[in-house]
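User: I would like to go through this structure step by step. Could we begin with the sheets and then turn to the helices?

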Amino acid sequence: MEQMPSKEQILQWISENPGLAAKRDIAKAFGIKGAARIELKRILGELAEEGQIARKGRSYRDPEGLPPVSILVITGPDAQGDVFARPMEWGGAGEAPRILFLAKKGDPALAAGDRILARLSPADVGEYQYEARLIRHIGTNPLRVLGVFRAGAEGGRIVPIDKGQDKEWRVGRDMTLGAKDGELVEGEAVGRRNMGLPQARITAVLGDPSGPKAVSLIAIHQHGIPDQFPDAVIAEADRALPAPLEGRTDLRDLPLCTIDPADARDRDDAVYAEADTEPGNPGGFVVWVAIADVAYYVRPGSALDREARKRGNSTYFPDRVVPMLPDVLSGDLCSLHQHVDRACLAVRMRLDAKGAKISHRFVRGIMRSVASLSYEQVQAAIDGAPDAVTAPLLDPVLRPLYAAYAATKLARAARQPLDLDLPERKIELSEAGEVRSVSFKERFDAHRLIEEFMILANVAAAEELVRLKQPLLFRVHEEPTPEKLDALREVAEASGFVLAKGQVLQTRHLNSLLAAAQGTEFDELLNISTLRSMTQAYYFPQNFGHFGLALKNYAHFTSPIRRYSDLIVHRALIAGHGWGKDGLSASDIEQLEDTAKLISDSERRSMAAERDTTDRYLAAYLADRVGADFTGRISGVQRFGLFVKLDETGADGLIPIRSVGREFFHYDQDSQTLTGADTGLTIGIGQRVTVRLAEAVPVTGGIMLELLEIEGGALPRAQPRRGRFAPRKPGKAAAKEAKVKRKVLRKRR
């Protein structure tokens, strides 16, 4: 054996041979064999601790150098037309090395912001340190800006609408894309910023800032939803490879399938059910729920992990999705697409004939979906109209799923979770981004089947982690406050129903109220009022139960592609079962309460952005129908006016109090009513109204209405007391007189 090389010799070898820097390559170069490899390992470890080399996988490299194969970002051509790039990741001191890109015949044209996988070779010419040759064009990730274009002599500027950006962007004359002054535009950074304003080129002209294409973009920026992935996050995602079968349970023989909306891009969950053949469980079922193993790709402390935690969840708009994870993961490697192997965490649950879970078992596996189905497709097959895809799956896959679901309905009826019936609006857009129609989504048993199986899997995950004594994030939903219950009770009584006092509230009491109202004119009102009485659900490391679902243990496990909470639960399961080193880390545990607060807030942020976007789309849809009459129901009463939910679209509009009749109205906060001082007309929640659309403002989402009829009759006319003008708010004497009149009118009624 040759003499052990010095540290200086090893460092020189690594610097001169970046493509042969694994320990075995170094050992071979210096003739190190047998037990002497242990000493080499020790020396390499010391060099790494001293910061003289960096270890990545099984290889070592100079921390001030770049690996021979790297992901680069094209920074654009210089004045001579040479194309340069920078590394996506740079851990060395000072500025990252400059890299000259050498194109060969057949390479695509590259622009600033393009990301490439390239092979590097050192260069020592002073102006740049490396030369790069293309292996693969990955994509683009330039910095983007949304703002209003202001035209100028030399092109113009983009004034960002994001409050966090106070710097304008300069746009060259040949980069305006024909944008006109005052139009909303989307741009991306070009070139390198040295002095003065940053430069951008306009990539999309969205037109009127109040127009349809701008609606969700404005909400994204107004609510501060991160919609641009940092370069390091994209680089990590691009390096991801499919998970190996080694160390996992092979579930590929199970005919698992996914059932999602027809336009779904990501598929978190797959299901399968069969009759339980074990003795002692006659009429029972075995239900499998397999969930995408996102934890394998998103490791604690990584750039992907930090960005996912920051986003908290994906945000969904009618025209776009702002995902929690880059598309290479959310839409591909993590998504349970049909006929491809995918990593998963799966739970096998045994149910008795009445749908109660009697046991569960978790595994970390590899699955292969037999089909990517839609809710409509599955329901049609069950209803007797299978297509070419569902026909062969009807007996072996779909009918057993529905049989198991029928059993879970019995367990649900016994548990009595809150049974709200609130139809979900569906906004359909044209190619131009304009609202084509507004309708209410049809719900099938296929929807309820998936929901019920997901709830079962979430319960199993919470119970398993409690058993394993693993830290986790529970999904907590506390019971309503006494104040909110009193408000609901007032609405119920005003509508002719009863919600009893003096008992510990349970969901079955609320369900009795909703059942009594079902089919009556107060059906929707009481569903909405019950929903408003609920507290908001949130994430927390301690378990306070889930009131709405009537469950003691509940955690989100089934959607790790779009919710960070589920990723934490997956890591806890991995750690608890010893399935790998990618489980819950010490840092995860230490900041669990902070994470719970962060993602609870981001969930509310997304809900607000989604709600604002829906309001704007509805206002845009109704804008050309100003002056038209609509029917609806009063959904809220305030001192300043009435809120009305329109029957046709579900849009909410405001009737200002100044436009209601020609009298002063007294507001009663307890009963949520307005009473006319002269006519005694009492207006309250739930009353049917006919209204006229007075104004619809897409940029704010505001809808103003004029009251025409209430409960089928015209408004009673008050006698004006000041000529032909409506009376102002009465003084003390007049108010006292009005109070007496109201008492008399109540007695007469």
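User: What is the strand order in the open sheet of three strands, and is the pairing parallel or antiparallel?

Analyst: Please note that this is a predicted model. In the open sheet of three strands the order is β29-β30-β31, and the pairing is antiparallel. The edge strands are β29 (665-668) and β31 (682-684), each of which pairs on one side only. On average, neighbouring strands of this sheet are turned by 20° against each other, direction ignored.

User: How many bridges join β29 to β30?

Analyst: Four bridges join β29 to β30 (residues 673-676), and the two strands run antiparallel. Tyr 667 has Leu 674 in β30 as its bridge partner.

User: And what holds strands together in general?

Analyst: Strands of a sheet pair through backbone hydrogen bonds, and they may do so in parallel or antiparallel fashion.

User: Now the sheet with five strands: what is its order?

Analyst: This open sheet has the order β13-β20-β19-β16-β15, with mixed pairing. Strands β13 (249-250) and β15 (269-275) are at the edges with a single partner strand each, so one side of each has no neighbour in the sheet.

User: Which helix packs on that sheet?

Analyst: Helix α9 (residues 394-415) packs on it, touching β15, β16 (285-292) and β19 (341-351). The direction of α9 makes about 80° with that of β15.

User: Back to β13: how does it run relative to β20, parallel or antiparallel?

Analyst: Strands β13 and β20 (residues 357-368) run parallel and are joined by two bridges. Asp 250 stands opposite Ile 366 in β20.

User: Let us change topic. At what angle do α4 and α16 cross?

Analyst: The axes of helix α4 (residues 215-222) and helix α16 (residues 592-622) cross at roughly 150° and come within 9 Å. The two helices are therefore roughly antiparallel to each other. Their crossing is right-handed.

User: Which residues make the contact?

Analyst: From α4 they are Val 215, Ser 216, Ile 218, Ala 219 and Gln 222; from α16 they are Ala 609, Thr 613, Arg 616 and Tyr 617. Of the residues in this contact, five are nonpolar, three are polar and one is charged.

User: One last topic: how many salt bridges does the structure hold?

Analyst: The structure holds 41 salt bridges. One of them links Glu 307 with Arg 311, where the closest N and O atoms are 2.9 Å apart.

User: Where do Glu 307 and Arg 311 lie?

Analyst: Both lie in helix α6 (residues 303-311), four residues apart, which is about one turn of the helix.

Notes:
Residues are numbered from 1 along each chain as its sequence is written. This is a predicted model: local features need pLDDT of at least 70, side-chain atom pairs count only at pLDDT 80 or more; totals for chains, interfaces and linings use all residues. Side-chain values use heavy atoms; hydrogens and water are left out. Two strands pair if DSSP finds at least two bridges between them. Contact means heavy atoms within 4.5 Å. Axes are lines fitted to C-alpha atoms, for helices over the stretch in contact, and angles run from 0 to 180 degrees between N-to-C directions. Angles under 35 degrees count as roughly parallel, over 145 as roughly antiparallel, 65 to 115 as roughly perpendicular and the rest as oblique. A crossing is left-handed if the near helix is turned anticlockwise from the far one by less than a right angle, and right-handed if clockwise. Ala, Val, Leu, Ile, Met, Phe, Trp, Tyr, Cys and Pro count as nonpolar, Asp, Glu, Lys and Arg as charged, and the others, Gly among them, as polar. A salt bridge is a side-chain nitrogen of Lys or Arg within 4 Å of a carboxyl oxygen of Asp or Glu.
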